[in-house]
Amino acid sequence: MFAHVLLTLSLLAPQQATAAPAWTIQRTSGISNASALLDVSASGASDAWAVGYGCSAEDNEGCPAIQRWNGRTWRKVTDARTNAYHAVGVSAASPNNVWVVGNGTTAWAGHWNGRAWTSYQPFGAAEHNRISDVAVSGRPWFAGSTADGRGVVLSWSKARGFRTVFANPGSLNAITARSATGDVWAVGANGSQPMIVHGSNGRFTEHRAPLIPGGVLTRVWQAAKNDVWAVGHTGGTFATSKPLVLRYDGRSWRQVSVPVAKGRLTGVTSDGAGVVWASGVDFAHGRQVLLIRLGAGRPQVSWSQVLTIPNQRDYDPDTVTKVSISRVPGTRHGLWAAVAAGGGDFETHFLMRRK
């Protein structure tokens with residue numbers, strides 16, 4: 001068992017810091033060294049999926065890593081037929097409706113129907129187009145970018161296959177969809193500015209985002225009809241990054257200040273109690289997962305226990321680099337976190353659980 005590490009929070013105002021939620025590290029199955037986990041999604045307490053890559057040491061491109069939680073253990077998924085080097089996104093609507101996306105020479109999407117996998121090439125055989133994320137709500141929606149510099153949203157149906165429903169200059173990194181409202185949101189960057197796309201009733205438009213030089217959005221989450229959160233970072237390099245949080249109230253987007261000087265936010269979700277959480281890395285606590293509680297009042301910061309990250313030798317940084325976070329439907333406080341840390345031949349992964 002991993003002991004909870006108490007942190008000295010005297011540098012932050014009391015209303016800005018909370019004790020970290022109790023996280024445990026879970027054992028994964030069959031992921032080789034030089035690995036990372038990039039996304040996680042749960043359909044319930046006994047069904048969750050995490051994706052990323054392994055076997056990327058010694059200048060290898062890598063091989064996709066897909067893990068499934070059965071309520072007791074994580075098991076390696078071996079029957080997904082993919083030509084991807086990395087699996088980068090997953091959305092589990094139910095145990096019998098799961099989509100995974102990744103990239104190799106071409107972009108790949110795989111669908112699990114509870115019995116077997118079906119593989120697709122969203123852009124056909126065209127190279128240098130990339131899929132970044134997937135969200136399932138009624139139908140699957142995909143975010144990505146094309147070789148000619150456009151951020152794209154794609155939809156899929158049995159009747160029509162993959163169809164581009166939005167394309168504008170830029171790149172899109174993440175997508176979310178909410179069946180209760182019929183909304184689809186995708187985020188990324190257009191040049192050196194945040195990029196936000198909204199879909200409703202089949203019509204997609206680009207929103208006016210705040211002018212934030214160097215702003216990149218990495219994740220988006222719709223908590224309610226008129227309550228949407230997007231997170232990311234500013235800064236041209238990893239070491240100079242600062243966390244970025246935007247919130248939409250149904251009329252406009254505004255930036256929300258968070259009490260972290262340097263770092264990146266790479267995940268956002270809400271738990272069963274309706275609390276919105278952002279996840280990522282705080283460079284002042286680089287070996288811990290950063291959690292920020294968002295919503296009413298000032299954002300509240302907490303960190304996980306210290307993670308054992310291998311010595312990176314000549315590689316920098318030796319910190320957490322990405323944290324994806326997912327709620328657990330049917331629970332009040334349950335969360336999963338998929339973590340990548342370090343880089344190069346010594347990159348490593350963690351799967352963490354909060355009950």
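This is a predicted model: local features need pLDDT of at least 70, side-chain atom pairs count only at pLDDT 80 or more; totals for chains, interfaces and linings use all residues.
Residues are numbered from 1 along each chain as its sequence is written, and side-chain values use heavy atoms, with hydrogens and water left out.

Some terms for the strands come next. Strands, labelled E, are DSSP runs of at least two residues, and helices, labelled H or I, are runs of at least four, numbered from the N terminus. Two strands pair if DSSP finds at least two bridges between them.

Strand E15 (residues 183-190) runs antiparallel to E16, and eight bridges join the two. They form a hairpin with two residues between them, and Gly191 in that turn has a positive phi of about 70°. On E16 (residues 193-200), six of the eight residues are buried, where buried means under 20% relative accessible area, exposed over 50%, and partly exposed in between, with a 1.4 Å probe and protein chains only.

E16 also runs antiparallel to strand E17 (residues 203-206), through four bridges. Here Gly199 stands opposite Phe204 in E17. This hairpin likewise has two residues between its strands, and Asn201 in the turn has a positive phi of about 55°.

I turn now to the aromatic residues. A search of the whole structure finds 16 aromatic pairs. Rings of Phe, Tyr and Trp (its six-membered ring) pair if their centres lie within 6.5 Å; planes under 30 degrees apart count as stacked, over 60 as edge-to-face and the rest as tilted. The rings of Trp112 and Trp117 have centres 5.7 Å apart and planes at 45°, so this pair is tilted. Trp112 and Trp117 are both buried. Trp185 and Tyr248 are also a tilted pair, because their ring centres are 5.3 Å apart and their planes stand at 55°. Since Trp185 lies in E15 and Tyr248 in strand E20 (residues 242-248), the pair ties together parts that are 63 residues apart in sequence. Trp185 counts as buried at 1% relative accessibility, and Tyr248 counts as buried at 11%.

Finally, consider Thr218, which is placed in strand E18 (residues 216-224). Is Thr218 buried or exposed? Thr218 is buried, with a relative accessible area of 16%. Not counting residues up to four places away in sequence, Thr218 touches several residues, including Val187, His233 and Leu265, contact meaning heavy atoms within 4.5 Å.
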